[in-house]
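Here is a friendly walk through one chain, going from a single residue out to the whole fold. Keep the sequence and the 3D view at hand as you read.

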Amino acid sequence: MASKAAELRELPDEELYVRIDSAKEELFNLRFQLATGQLDNTARLKDLRHDVARVMTVLRERHLEAELEAELARVEAAMEQERHEQAADDGAEEDEA
């Protein structure tokens, strides 16, 4: 499993979820082998846990970025609305004068 964060950032969300699922399934199997004394490479457990963490970090980064963009769009829309209201108020004051 190629797990470098830079490589993971290039993948779509669906592929990342597939990677998490397969890694968690493999972790389950490795833990079962460990419990039964059949596991030879215990370092693989650590590697898989780190892989899952990397993928989840990339997904979390994307989630936070989407939230930030949505908040920015909401603030910009509110500021635009405020400008329109201010312009309307200024126009009404000029009409009165």
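Apart from its neighbours within four places in sequence, arginine 9 is in contact (heavy atoms within 4.5 Å) with Val58, Glu61 and Arg62. This is a predicted model, in which local features need pLDDT of at least 70, side-chain atom pairs count only at pLDDT 80 or more, and totals for chains, interfaces and linings use all residues. Residues are numbered from 1 along each chain as its sequence is written, and side-chain values use heavy atoms, with hydrogens and water left out.

Arginine 9 sits in helix H1, residues 5–9. Helices (H or I, at least four residues) and strands (E, at least two) are DSSP runs, numbered from the N terminus. Glutamate 15 belongs to helix H2, while glutamate 67 lies in helix H3.

Arginine 9 counts as partly exposed because its relative accessibility is 43%. Glutamate 15, at 31%, is partly exposed, and glutamate 67, at 42%, is partly exposed too.

| Pair | Apart in sequence | Apart in space |
|---|---|---|
| Arginine 9 and valine 58 | 49 residues | 6.3 Å |
| Glutamate 67 and aspartate 13 | 54 residues | 16 Å |

**Helix H2 and the cores**

Helix H2 covers residues 13–36, 24 residues in total. From its first C-alpha to its last, H2 reaches 35 Å, close to the 34 Å expected at 1.5 Å a residue; the expected span is 1.5 Å times one less than the number of residues. Within H2, the buried residues are Leu16, Arg19, Ile20, Ala23, Leu27 and Leu30.

Which residues form the largest nonpolar core? Its 7 members are Ala23, Leu27, Leu30, Leu39, Leu45, Leu48 and Val52. Helices H2 and H3 (43–96) are the elements that give two or more residues to this core. There is also a second, separate core of 6 residues, including Leu8, Ile20, Val58 and Leu59. A nonpolar core here is a set of buried Ala, Val, Leu, Ile, Met, Phe, Trp, Tyr and Cys residues joined through side-chain atoms within 4.5 Å.

**The chain as a whole**

The chain has 3 helices and 0 strands, running α-α-α from the N terminus. Its radius of gyration, 26 Å, is well over the 13 Å that the globule rule gives for 97 residues, so the chain is more spread out than a compact globule. That radius is taken over C-alpha atoms, and the rule is 2.2 Å times the number of residues to the power 0.38. Along the principal axes, the C-alpha atoms fill a box of roughly 90 × 25 × 20 Å.

Buried residues make up 16% of the 97 residues. Of the contacts between residues at least 6 apart in sequence, 56% join residues at least 24 apart.

How confident is the predictor? Its pLDDT, a confidence from 0 to 100 for each residue, averages 91 over the chain, and 92% of the residues score at least 70. Confidence is lowest in H3, at a mean of 91, and highest in H2, at 97.

How values were computed. Buried means under 20% relative accessible area, exposed over 50%, partly exposed in between (1.4 Å probe, protein chains only). pLDDT is the predictor's confidence in each residue, from 0 to 100.
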